[in-house]
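Please examine the sequence and the structure shown below before reading on. The explanation is meant for a reader who meets this chain for the first time.

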Amino acid sequence: QVQLVESGGGLVQPGGSLRLSCAASGSSFSINSMGWYRQRPGNQRDLVALTTRDGTTNYADSVKGRFSISRDNAKNTVSLQMDSLKPEDTGVYYCKMIVRIRGANYQYWGQGTQVTVSS
């Protein structure tokens with residue numbers, strides 16, 4: 001079993017910055033991809049940023065140039081640096097990891113953290 005714990009988030013004014021972090025804990029696993037997703041009220045959960053084990057990254061068009069995803073494979077953590085925040089970035093942010101355990105891949109989600117961008 002793997003557990004993901006998120007930290008960060010909160011209330012910030014437009015143009016401000018926040019940093020989200022997500023740490024995986026458990027035993028006998030390796031992590032393939034790590035990503036951050038955003039869910040606005042009444043909407044589905046959409047991909048914000050993704051990083052694979054080899055360091056390849058992918059971003060939603062709406063956050064390119066403003067958000068940066070990074071991972072620490074030794075610590076099993078992924079972070080999302082969010083700069084130049086806009087009101088439309090408001091939502092609940094979830095981290096997701098694709099984890100390999102004994103030859104099989106499993107998907108795990110964090111508990112979600114609220115990000116509110118408002119003046």
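The paragraphs that follow move from the whole chain to individual residues.

The model is a predicted one. Its chain contains 11 strands and 0 helices, and the order of elements along the sequence is β-β-β-β-β-β-β-β-β-β-β. The radius of gyration is 14 Å, close to the 14 Å that the globule rule gives for 119 residues, so the chain is as compact as a globular protein of that length. Taken along the principal axes, the box filled by the C-alpha atoms is roughly 50 × 25 × 25 Å.

As for burial, 39% of the 119 residues count as buried.

The whole structure holds 1 disulfide. Cys 22 and Cys 95 form this bond, with their sulfur atoms 2.0 Å apart. The pair connects distant parts of the chain, since Cys 22 belongs to strand 3 and Cys 95 to strand 9 (residues 91-101), 73 residues apart. Are these cysteines buried or exposed? Cys 22 has a relative accessible area of 1%, and because buried means under 20%, Cys 22 is classed as buried. Cys 95, at 0% relative accessibility, counts as buried by that cut-off too.

Strand 10 (residues 104-109) includes Tyr 106. Tyr 106 has a relative accessible area of 40%, and it is therefore partly exposed, as this class lies between the 20% and 50% limits. Leaving aside residues up to four places away in sequence, Tyr 106 touches Met 97, Ile 98, Val 99 and Ile 101. What C-alpha to C-alpha distance separates Tyr 106 from Gln 1? The two residues are 9.7 Å apart in space, although 105 residues apart in sequence.

The relative accessible area of Leu 11 is 65%, and because exposed means over 50%, Leu 11 is classed as exposed. Even so, Leu 11 touches Thr 116 and Ser 118, when residues up to four places away in sequence are not counted. The C-alpha atoms of Leu 11 and Trp 109 are separated by 22 Å, and these residues lie 98 apart along the chain.

Two loop residues complete the account. Ser 28 is found in the loop between strand 3 (18-26) and strand 4 (30-39). Although Ser 28 is not a glycine, its phi is positive, at about 55°. With a relative accessibility of 61%, Ser 28 counts as exposed. Where does Asn 76 lie? Asn 76 is placed in the loop between strand 7 (67-72) and strand 8 (77-82). The phi of Asn 76 is near 55°, again a positive value in a residue other than glycine.

Terms used
Residues numbered from 1 in each chain as written. Predicted model: local features only at pLDDT ≥ 70, side-chain atom pairs only at ≥ 80, totals over all residues. Heavy atoms only, no water. Buried < 20%, exposed > 50% of the residue type's maximum accessible area, 1.4 Å probe, protein only. Contact = heavy atoms within 4.5 Å. Helix = DSSP H or I, 4+ residues; strand = E, 2+ residues; numbered from the N terminus. Disulfide = S-S within 2.5 Å. Rg over C-alpha atoms; globule rule 2.2 N^0.38 Å.
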